[in-house]
Every structure is written in C-alpha cells, then in structure tokens.
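Welcome! Please take a moment to look at the sequence and the 3D view before reading on.

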Amino acid sequence: MGLTILLVDSQGHPVRRETLAEASLPFRHVAARGRTEIGECAAVADQPCNVLTVSIPDLQCLLRDFVTERDWEQFHTPKNLVMALAGEVGELTEIFQWLTPEQSISVLADPVQAGRVQEEIADVFAYLLRLADVLGIDLETALTDKAAKNAAKYPAKAARGTAAKYTDLPPGDKS
Ligand SMILES: [Mg+2]
C-alpha cells in the first residue's frame, strides 16, 4: 500500500508523515473506513498528502468493529462493561498499591513497569469507551459538561492549593 498520510495533533498541526503500513492501528482503521482528507502539509513535506486524525468516535468504532468481528456484543452489556472497567482499574491499582509516593512518580523509569502501566491504562480507556458507546453517551459532551460543573464547584481562587471538598471551601468567593 503506497498511501502516505500525515498524522496531525489534536490542534491539526502536522506531526509526522508515515506510510499507511507504518501507521498505528487506529490510523489504519480510520483510513480503511475512508475518512481521509487531502490537506496542506508544507511543514512536513512539499506535496499534498492525506491528513489523518483519530477522534474518540474513531476509537469507539475501532473497538466496536473488534467486538462485532468476534460476535462479542452479546457479552458487552452495560453491567458487564462496568464490571470489566472496575476489574481493569483494579489491575492498574495493583501496580501502584505498594509503591511509595516517590516511586509512583517515577514508575515509568522502569521499562517493564512502564509497559504494564500503559497496558492497564489502555484497558481502562477501552472499557470506558465501550461503556459510553453501548449506553449512547457522548464522552466529549459528558466531560465538558462535568468540567464546567467542577469549575463552578471549585472556583480557582477558593480551591487553589487545597484538596478540600467543595462543600468545605470558603463561601462567597466564586472567582
Ligand atoms: Mg488489564
């Protein structure tokens, strides 16, 4: 496959050019489903190329296809997905449970530990994406709505430098 694609970051800035065969699975999945655009990529190369970004719906589509190809939708009920998500959070927790705070900060310095952390974070993310997909919850809307609520509950001035719950913050100052 001779297609060359330009990978861009979430702001649309060029990151690097890759052949489709070199691109990671989410990008190959997006390209296979035909969602490519011809874009300008002068910062990376001097000729037009196909520009690919991977969005949250793209990742959900990737996982949905994986599940469908294996006839696993029958197992992906909301209850099962919540339990699987909790199980993966437990696996991630297990890596950290006996570390000192300092060891937890430098956990990625050990390549073996770094690989385990990355895999468990991916498992947690995958089940969260699947759960939202099955329930029909728009993750971007859910997160931005909740971030706005948190910003109102934890005004920067009142909450700066304290881990206190919002109910225990000094009243009145909403800036
Ligand atoms: Mg796991």
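Here is a short tour of this structure, from the overall layout to a few of its elements.

## The overall layout

Keep in mind that this is a predicted model. The protein has 7 helices and 4 strands.

How much of the protein is buried? Of its 175 residues, buried ones make up 9%.

## A pair of strands

Strand 1 (residues 4-8) pairs with strand 2 in the antiparallel sense, and 5 bridges link the two. To find this pairing in the view, look for Val8, which stands opposite Pro14 in strand 2.

## Two helices side by side

Two packed helices are described by the angle between their axes and the distance between the axes. For helix 3 (residues 78-96) and helix 5 (residues 111-135), the axes come within 9 Å and cross at roughly 160°. Angles over 145 degrees count as roughly antiparallel, and therefore helix 3 and helix 5 are roughly antiparallel to each other.

The crossing of helix 3 with helix 5 is left-handed. Sorted by class, the residues in this contact are 16 nonpolar, 1 polar and 6 charged.

## A hardly covered helix

Helix 6 spans residues 139-153, which is 15 residues. From first C-alpha to last, helix 6 reaches 21 Å, close to the 21 Å expected. Is helix 6 hardly covered or well covered? Helix 6 is hardly covered, with a buried count of 0 among its 15 residues.

Key:
Residues numbered from 1 in each chain as written. Predicted model: local features only at pLDDT ≥ 70, side-chain atom pairs only at ≥ 80, totals over all residues. Expected span 1.5 Å × (residues − 1). Buried ≥ 20, exposed ≤ 12 C-beta atoms within 10 Å, placed from the backbone. Axes fitted to C-alpha atoms, helices over the stretch in contact; angles between N-to-C directions. Parallel < 35°, antiparallel > 145°, perpendicular 65-115°, else oblique. Left-handed = near helix turned anticlockwise from the far one by under 90°. Nonpolar A, V, L, I, M, F, W, Y, C, P; charged D, E, K, R; others polar. Pairing = 2+ DSSP bridges.
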